[in-house]
Amino acid sequence: MNITLQQWLSRQPYTQTTDSDRYYAQLANRVYDLVKISPLKERLTEEATKSLCCDVVGYFADILSGTGLWATFLSHHRSLYGRILPFFPAENYYDGEVNREDLRVLLWYLLCTHDSLHEVLSPLDNRLVATADTIYDLLESEYETAPDSPLLQEFCLPELNDTDDPEARYRFAEWLFWDSFLLGPSNRSLARQLSHEAQSKSHGDKERIAKLGELRRESLYTLPAGPLALFAHEWVSLLWQHTFPEEAEEKKELHPYYRQFTRETGGMPVKYIDSYSELDKFLTEGMQWGETEGGHLSHLAGKKNFILYVTPYKGMLIASDIAQCVCDPANPCYDPQVARRDALSLLTVPGRCPIDLLIYLCENRLLPDARFADGDSALVTENWDFIARCLLQDYYRAV
């Protein structure tokens, strides 16, 4: 066996071994055999392949056991976008069962986190679809006879837990965040990073373990996770209370930069500037910051193709080296050839484009050139918010 029973159990919220766990470990190896002969095999390391296979079988166990992780993802996706799944129509979708479209979306999400080439494949990529469909055929053939997981049910189902107990909620959130098939993939690299950080800052095993625990708790409380970039407490509320937690509204005052910026641009919240000298001139004269030795924001002196964007309550932000991707009649920096190559990266590379600006650009359809390698821009246009959530994570939630 390539995937051991212990490797499967390391992802579970319990330590006991049951017959269903033995079954799932064996099934993970059957998925492994399919992936290793698939056209995606070259994109995955051995470790990534095993991890991906365990996550796929984690989805299967969730469906069979009715523990609701995938169902909650579908429900909240529908509340956000008005349809069951991203990318694929689901006219013949069967709630609570294994679906072909599920495997395609799930495999795309897993590849986004595991792909050693660091390339975001199109969800419609023939290699991805063929591999997902092969895995679906296997899971579908097992669906009627496969066992559920009573220990998973005991841990996950709200009717079997004191959902108001802070300790129970924390244990559930911790497993969801780090080990579940739904949230865990988006945190695997983070887990390795924290382990390395704890190792470098500690002397001895006891201190390292304590430091690692501290770092993991901090991440659990402060970082979003999963394909919808929700915080752990939001996922727990959706899973156990079937409601999304409401946040108290902050009292907001109009930012002075907003008044001055829109006065200077004739009411527009965005301005495109091709060079640093023009940027400094706008800040000095247009924003009335006055002259300063060395220029304003001198750390941007080597940059170009700026976008300035102002919001009523947050003020002004400046992004560099991305204006060439924005198809706006008011943008002199737009370069169609560069945009066709780079526009997608604004949705997929954390930190490339501030999220407030990205939302403005996408809502106003100013990134028509954003597309996957297959050239289908409509796929991005229709799913841009999901793509950004899934791939930008905490950068998406930094609104």
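What share of the 399 residues in the protein chain is buried? The share is 52%, where buried means under 20% relative accessible area with a 1.4 Å probe, protein chains only.

A word on the source. This is a predicted model, so local features need pLDDT of at least 70 and side-chain atom pairs count only at pLDDT 80 or more, while totals for chains, interfaces and linings use all residues. Residues are numbered from 1 along each chain as its sequence is written, and side-chain values use heavy atoms, without hydrogens or water.

Now the overall fold. The protein chain has 17 helices and 5 strands. These are DSSP runs, numbered from the N terminus: helices are H or I, at least four residues, and strands are E, at least two. The radius of gyration is 24 Å, close to the 21 Å from the globule rule for 399 residues, so the chain is as compact as a globular protein of that length. That radius is taken over C-alpha atoms, and the rule is 2.2 Å times the number of residues to the power 0.38. Along the principal axes, the C-alpha atoms fill a box of roughly 75 × 45 × 40 Å.

Next, helix α5, residues 100-114. Its 15 residues should span 21 Å at 1.5 Å a residue, and the end C-alpha atoms are 21 Å apart, which agrees. The expected span is 1.5 Å times one less than the number of residues. Of the 15, 12 are buried, among them R104, W108 and H114. Their cover includes α3, α4, α6, α9 and α17.

A 1 Å grid is laid over the protein atoms alone. A cavity is a set of points where a 1.4 Å probe fits but cannot get out; a pocket is an open set with protein on both sides within 12 Å along at least five of seven lines; lining residues have an atom within 4 Å of a point. Volume is the space filled by probe spheres set on the points, which are joined across faces, edges and corners.

The largest pocket holds about 1,200 Å³. Of its 43 lining residues, T113, P185, R188, S189 and R192 are closest to the centre. Helix α9 gives the largest share of that lining, 6 residues. Helices α3, α5, α9 and α17 each supply at least two.

The search finds 1 cavity of 30 Å³ or more. The largest cavity holds about 120 Å³. Of its 15 lining residues, W8, Q12, G58, W175 and F181 are closest to the centre. Helix α3 gives the largest share of this lining, 5 residues.

Notes:
Buried means under 20% relative accessible area, exposed over 50%, partly exposed in between (1.4 Å probe, protein chains only). Contact means heavy atoms within 4.5 Å.
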